Amino acid sequence: MEAWRARQRVIKTLEEKLSEEERREARQDHHARRPPRPCGITIHTGAGCPLACAYCYIYDMGFPGSAKPYKLSPLQLAYAVATNPHVAVGPWGTLVAVGSVTEPFLPQTRELALGYMKAIAAYLGNPLQVSTKMPPPPELAEVQEGLDVLISVTDLSGKLEPRAPPPLERLRAGAELIKRGVSATLFVRPIVPGITDRDLTRLLALAAELGYRRVVFGTLRVTKGIVARLRAFGVDVAPYVRELHERRQTPIRYPKEKFAAVARQMGFEVLPASCVANVVAHGQACALCGWGPCGDVKKLKVDVRDVEEYLETRGYKSVEVSVVEGLKIRINKRLKPIDKIFLEQATRLPVSEPAR
Ligand code: SF4
Ligand code: SF4
């Protein structure tokens, strides 16, 4: 399969550029092992964050209130992702999301985050997306055609994000990227009861005026600590929470649909999840989870013989593969999890195997 062949080529190219010690460090990294989810693989540009947003969950996960750039160089990071056996390499491969467990464009991680994105774009070509609560850097316009930038805000006041730049500054910087042909998506996350609803119409009107056309709404997930921190900001989410844990996050019960309805009325394309913005911005398609199919599904093409040959090289005998209604791959063998995940990532279709 092309995603498999592409991986071998990328690994060879990057191995020539990295020392043995650099390769060893990258191969041991979690980016080289972590299975992607249907919505893609996340890239860590650092760990920890000093912005202290009231609803942030990273502190309950044990991350500190200061940011440390991630240990890998851009080439090492690209190599780590390419060697991950679950990841499909290439422009139609695994979706890549930058911005997890930290803010990517903090002064101390900004250059590294851009370096990671440029290295992935140049060597792997996988569809990239980045999410930020900082004004996104203009250099993003040179990273990749189809790149999606999620401009993350909760409301226009920024009341719950006292150390982050004002939401208007983020939105304006995103609008500059839109003018340069980049896809910037309004990411209203998390929706905080009593905060986001207060000036939603004003936020959407301003975003529309600045050129935003797509929006994703994200549910607030809470722990005991987050509920307490929000209370200190005068926000009580207790009525929307059934259970609370120290570390495990629970999504609040606060329907997104009314927000989506307002946005649709105002002319926005409302996407059900951030990965959809990545797929749509790249003009692609995906049918990997129950929220889809997303994008133009006619573009999801599977060469059955190619899949059979790939599985035979992986040691499976007498494999029969068929595609059901263009949206699912059926296989007559049970696959090892690693092969199943890779195949799903490479085709963007769910794989169904015989029952045990
Ligand atoms: S910017 Fe992101 S990572 Fe940093 S505190 Fe806010 S939500 Fe958390
Ligand atoms: S089908 Fe849509 S929502 Fe599901 S993983 Fe793919 S892009 Fe995301």
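Helix H6 passes helix H8 in a right-handed crossing, a term that applies when the near helix is turned clockwise from the far one by less than a right angle. The contact is made by Leu 200, Thr 201 and Leu 204 of H6 together with Phe 259, Val 262 and Ala 263 of H8, where contact means heavy atoms within 4.5 Å. This is a predicted model, in which local features need pLDDT of at least 70 and side-chain atom pairs count only at pLDDT 80 or more, whereas totals for chains, interfaces and linings use all residues. Residues are numbered from 1 along each chain as its sequence is written, chains are lettered from A and ligands numbered from 1 in the order in which they are written, and side-chain values use heavy atoms, with hydrogens and water left out.

**The H6 and H8 pair**
- H6 (residues 200-210) and H8 (residues 257-265) pack at an angle of about 40°, with their axes 10 Å apart, the axes being lines fitted to C-alpha atoms over the stretch in contact and the angles running from 0 to 180 degrees between N-to-C directions.
- H6 and H8 are therefore oblique to each other, the class left over when angles under 35 degrees count as roughly parallel, over 145 as roughly antiparallel and 65 to 115 as roughly perpendicular.

**The chain as a whole**
- The chain has eleven helices and 16 strands, which are DSSP runs (H or I, at least four residues, for helices; E, at least two, for strands) numbered from the N terminus.
- For 356 residues a compact globule would have a radius of gyration near 21 Å, and the chain, at 21 Å, agrees with this; the radius is taken over C-alpha atoms, and the rule is 2.2 Å times the number of residues to the power 0.38.
- Of the 356 residues, 52% count as buried, meaning under 20% relative accessible area, with exposed being over 50% and partly exposed in between (1.4 Å probe, protein chains only).

**Helix H9**
- Six of the eight residues of H9 (residues 274-281) are buried, so this helix is largely enclosed by the rest of the structure.
- The buried residues of H9 are Cys 275, Val 276, Ala 277, Asn 278, Val 279 and Ala 281.
- Gly 283, whose phi is positive, near 65°, follows H9.

**Glu 142**
- Glu 142 is found in the loop between strand S5 (128-132) and strand S6 (148-153), and because its relative accessibility is 54% it counts as exposed.
- The C-alpha atoms of Glu 142 and Pro 74 are separated by 16 Å, the two residues being 68 residues apart along the chain.
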